[in-house]
Amino acid sequence: MAALSFLGFLVLLLPLTLLLLLYLIVRPKPVRIPIKDRHVFITGGSSGIGLALAHQAAKEGARVSILARSGEKLEEAKQSIQLATGIEVATYSADVRDFDAVKTALDEAGPVDVLVVNQGVFVPGELEVQSLDEVRLMIDVNIIGSFHMIKAALPLIKKRQNGGPASIALMSSQAGQVGIYGYTGYSASKFGLRGLAEALQQEVIADDIHVSLIFPPDTETPGLEEENKRRPRLTSIIAASSGAMKADEVAKKALDGIKSGSFIVPCNSEGFLLSIATAGLSPQRSVLMAFVEVVAAGLIRFVALCFQWNWYGSIEKWHAQGKTGVNHADL
Amino acid sequence: MADLSFLGFLVLLLPLTLLLLLYLIVRPKPVRIPIKDRHVFITGGSSGIGLALAHQAAKEGARVSILARSGKKLEEAKQSIQLATGIEVATYSADVRDFDAVKTALDEAGPVDVLVVNQGVFVPGELEVQSLDEVRLMIDVNITGSFHMIKAALPLIKKRQNGGPASIALMSSQAGQVGIYGYTAYSASKFGLRGLAEALQQEVIADDIHVSLIFPPDTETPGLEEENKRRPRLTSIIAASSGAMKADEVAKKALDGIKSGSFIVPCNSEGFLLSIATAGLSPQRSVLMAFVEVVAAGLIRFVALCFQWNWYGSIEKWHARGKRSGN
């Protein structure tokens, strides 16, 4: 009996010791990043998640700027926000692939407190059949465009009025946590953002700038409608493992994550599990999340292996049925 | 006493049950990929890790082709391999950023059994000061170049003579498992390879093609010498957490990993820990490794958090020193 009580004591002591250790080692320290009366600059802000973010940030009292390519869509976005919130957002027309245009827009917009690098394109397809132009498009807009935005914005973020913690948020995707059939180009671009973010956080922490990566699932936007027309069937089967969300819901999760300075921001419960599975060497600023990550890591890795068992099973079944997305007769 | 024996029984039963479950679910199934008498095509094969790979593959009886930009370095590489092994490798001069040149080279080389996408450039520097040309160079060569190689090679891999399992191996880096100070562009490019590889494996498994990602630490190559001249001091402090290796050692680990069809191929013990930490949603083909990943995951995440505590501490100290010295 004494042995059992001792065991019970250990079982209680272990988690408490872990919590204490984590409390001591978790870095960088937690931070709160307000957006009220601060300048929030959102790329890809004329539609989809970017537009929803602009709406919500404006409603919360931020001074909002949105950047996109189409002057017409920017105008519509501006009016829709004016209608819904009474607030006027500033609009800037530029292609993120053009560094000079982006620099000009940011210089015009002035010092920035919260930069949301949200632009992105997504064209699904097996690498074997996909055009390299589409691959390059995703790399250019999603990765290079993000480098352009951050490089142009860094001086303006350092010049922010009234100091305080700043944020650079990058819109990734669950496809930036796991690569699946049909997503070679897109996953390459979104995984890339993670490498950028982990290194960037170490470079800018001394300037009180905090990096966040947002990981939405499929989100109901004009972008998704376009994508669904072209999606390989097998991609749809595998991607169905995670449910779709509305742009407003994603925007809310994103803003909450940015304001709490979280490095990894999941948007739904599948995303939460994915974040634990892919915690890797990412910094974790919340002691509680760190505890969950350590305690659940093993179980979640097992669950991840089950997903691969399921996915590779689907792929095998699909090919056994003789249906492929690729016309082998042509090869 | 009965309670304790029962507990002991559980303690033994749990791992055995886990092993059994993993044996049932691990996908894709394990595979062995021979290289003897098969065509191994290596990019960036005229120096560094690529050259070491070419040497070792040739020694093991593979038919080796190397691709690089400089005809001169290719010739030197060919002679050095001839001298060391007596074997003649085929050489192809092309820049991976040029898809047509790459396609021409591969069409000339013929069907491929093992493609090693090893080319890469690395220029360290804080994003704030680094030139965007350098950023674009790394993305173009390391990511887009890899897409070009794979797209051009896929038809030739499917046409491989004598069938058998084929391999597409991508040379990543420990910087493709964790991003550290000074590595925004390089880590972006190497993390990108992981996204590419995870998706690609699902797309090509039906053709018996197996994807491997190699994760070396700093490796003593001409590339590293160049890089060290330009490395921010803070990068060196943080990167010292993992020891450097010789190109030959990396090549050996890489070939072993390719031949065992492993998706993630670490090269040293720090790399082994990094691989467990970053297992994420990667497929794991070895039941034993899967067991280690599940059992060690929690502890390794804790260790990872300790590393971040150490690194952010170094960064803080560095900046505190800088401010004191009026920097």
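Author: Let's start with B:Arg301 and A:Glu293, whose side chains meet in a salt bridge at 2.7 Å, N to O (that is, a side-chain nitrogen of Lys or Arg within 4 Å of a carboxyl oxygen of Asp or Glu). This pair crosses between chains, running from helix H11 (residues 287-324) of chain B to helix H11 (residues 287-320) of chain A. Helices here are DSSP runs of H or I with at least four residues, strands are E runs of at least two, and both are numbered from the N terminus. B:Arg301 is buried, with 4% relative accessible area, and A:Glu293 is buried at 4% too. Buried means under 20% relative accessible area, exposed over 50%, and partly exposed in between (1.4 Å probe, protein chains only).

All of this comes from a predicted model, where local features need pLDDT of at least 70, side-chain atom pairs count only at pLDDT 80 or more, and totals for chains, interfaces and linings use all residues. Residues are numbered from 1 along each chain as its sequence is written, chains are lettered from A and ligands numbered from 1 in the order in which they are written, and side-chain values use heavy atoms, leaving out hydrogens and water.

Now for chain B: B:Asp113 and B:Arg38 form a salt bridge at 3.5 Å, N to O. B:Asp113 is in the loop between helix H4 (99-109) and strand E4 (114-117), and B:Arg38 in the loop between helix H1 (2-25) and strand E1 (39-43), so the pair ties together parts 75 residues apart in sequence. B:Asp113 is buried at 7%, and B:Arg38 is buried at 9%.

Over all chains, the count comes to 32 salt bridges.
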